[in-house]
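Trainee: I would like to learn how to read helix packing and chain contacts. Where do we start?

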Amino acid sequence: MRAPSLQSMFGWVLWRDLILAWRHRADVLATLFFFVIVTSLFPLGIGPEPQTLQTIAPGIVWVAALLASMLSLGRIFGNDYQDGTLEQLLLTRQPAYLVVLAKILAHWLVSEVPLVLMAPVLGLQFGLSQNSLLIVVVSLLLGTPVLSLIGSIGAALTLGLRAANVLVALLVLPLYIPVLIFGTGAIQSTVNGTATQPWLLLLGATLILAFVFAPWATSAALKISVE
Amino acid sequence: MSKRRINWYKYAAPANFYPLAGKTIPFFTVVTALLFVVGLYIGFFVAPTDFQQGESYRIIFIHVPAAWMGMFLYVLMAVYAGIGWAFNARLASMMATAISTTGAIFTFISLVTGSLWGRPAWGVYWVWDARMTSTLILMFLYIGFISLQASIDDPRRADRAGAVLALVGLINVPIIYFSVQWWNTLHQGATFTARSFKMAPSMLWAMLILMGACWMYSIAVVLVRVRCIIREREREAPWLTEAMA
């Protein structure tokens, strides 16, 4: 029997992960609701004054997106690791890089894109202008794939460990900090009128770097964890 | 008679490295003590009062060596961990684990002393400028490395997972180092360049001597710690059980 081509392997892993996520919709929606609730907690805690809310909005939307995506990281490899599928995927002839990339893409589509679509609605809660809301969406669109990519390294390193969720946070949040700074910088620049493009370009650069190197680190980490 | 060559690779075995480390530790301890005494004397009694900052600038003699050691030890830790991963050499991974604690302590010292210096010099305990933020990230990376290794039971898996994490975080060290060139924020620019230095000679000497002292201290402490790690991990090995019996 002929081994599948690289494209069909990629497509198959992606499609399988999407179908499995669809069958466990509740897990996915929980991440989205977490994002909504956390973002809503801050105006309640800090007070409804419009000026304050506008100032803190970029940071809060981004930090909530960070925390929500971190909660969902265990799902990338966790279920497959527990039933042995991950081991089989790593034993195939196709490079692990491709398998990992397909899983990260599935994770991004399922866990992060809903956040990106929800973010402008939440931005309205903070009184952001239309231009700011557009940049909220664009910065999250550029930044959330980086969160998935870097997060997959943490998820792979902590596969099957006891306090995996907290440990993933500890490992991955320091690496998220540049993305956070660039993303909030982009939104802030629309609020205070400075140039937005440099921030978006920096976000794009981190995306390209993460896209090239992260799946490689993740597949190395998977091979270490699965042994 | 043929020249006798030392086979350095034999020291890659924990059984051979253990006594070698034991013999060199006293030497490094004595050198550390000497350098600390000389460096602190020059720093506190010989170096002149600063024109702008008065006496409070003297914390630089601890702050800069600690910051430098924090960064340098991270690079060293990542290199050792990488060697342990690539060549399947467990002693190299043990060295990486031993270095991690000392590196974390020095980074913590640099953050605290920098904060204490910032109050008299700039008026604030903390700013989020590029160098301080990336040093804070370095602290988090150390803590992440130590936590990851602590939560994995299988020692070899812990070594390799730590290696991946250390190597991924390695990019942070050049960012810390070059941050004062790339971003013009609160932290001062480089004091040392290849050609000139902008400090009084006695200040420079004190700083360099104390940097050497911290380096010798790190070597001594890491060797002691790696001997402890060897005894823990190799406790079933014949060379240890026979020595005990």
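Mentor: Start with what counts as a contact: two residues touch if their C-beta atoms, placed from the backbone, lie within 7 Å. Keep in mind that this is a predicted model.

Trainee: Which residues of helix 2 of chain B meet helix 7 of chain B?

Mentor: From helix 2 of chain B come B:Ile60, B:Phe61, B:Val64, B:Pro65, B:Ala66, B:Trp68, B:Met69 and B:Leu73. Helix 7 of chain B answers with B:Ala206, B:Met207, B:Leu210, B:Met211, B:Cys214, B:Trp215 and B:Ser218. By class, this contact has 14 nonpolar residues, one polar and no charged.

Trainee: At what angle do the axes of helix 2 and helix 7 of chain B cross?

Mentor: Roughly 45 degrees, and the axes come within 9 Å. Angles under 35 degrees would count as roughly parallel, and 65 to 115 as roughly perpendicular. Helix 2 and helix 7 of chain B are therefore oblique to each other. Their crossing is right-handed.

Trainee: Now the chains. How many residues of chain B are in contact with chain A?

Mentor: 15 residues of chain B, against 17 residues of chain A. On the chain B side, helix 4 (130-151) and helix 5 (155-168) each supply at least two residues. Helix 4 of chain B gives the largest share, eight residues. The chain B side divides into 10 nonpolar, three polar and two charged residues.

Trainee: Where is confidence lowest in chain A, and where is it highest?

Mentor: Take the average first: chain A has a mean pLDDT of 91, and 100% of its residues score at least 70. The lowest mean, 89, falls in helix 2 (residues 25-46) of chain A. The highest, 95, belongs to helix 9 (residues 197-226) of chain A.

Methods: Residues are numbered from 1 along each chain as its sequence is written. Chains are lettered from A and ligands numbered from 1 in the order in which they are written. This is a predicted model: local features need pLDDT of at least 70, side-chain atom pairs count only at pLDDT 80 or more; totals for chains, interfaces and linings use all residues. Axes are lines fitted to C-alpha atoms, for helices over the stretch in contact, and angles run from 0 to 180 degrees between N-to-C directions. Helices (H or I, at least four residues) and strands (E, at least two) are DSSP runs, numbered from the N terminus. Angles under 35 degrees count as roughly parallel, over 145 as roughly antiparallel, 65 to 115 as roughly perpendicular and the rest as oblique. A crossing is left-handed if the near helix is turned anticlockwise from the far one by less than a right angle, and right-handed if clockwise. Ala, Val, Leu, Ile, Met, Phe, Trp, Tyr, Cys and Pro count as nonpolar, Asp, Glu, Lys and Arg as charged, and the others, Gly among them, as polar. pLDDT is the predictor's confidence in each residue, from 0 to 100.
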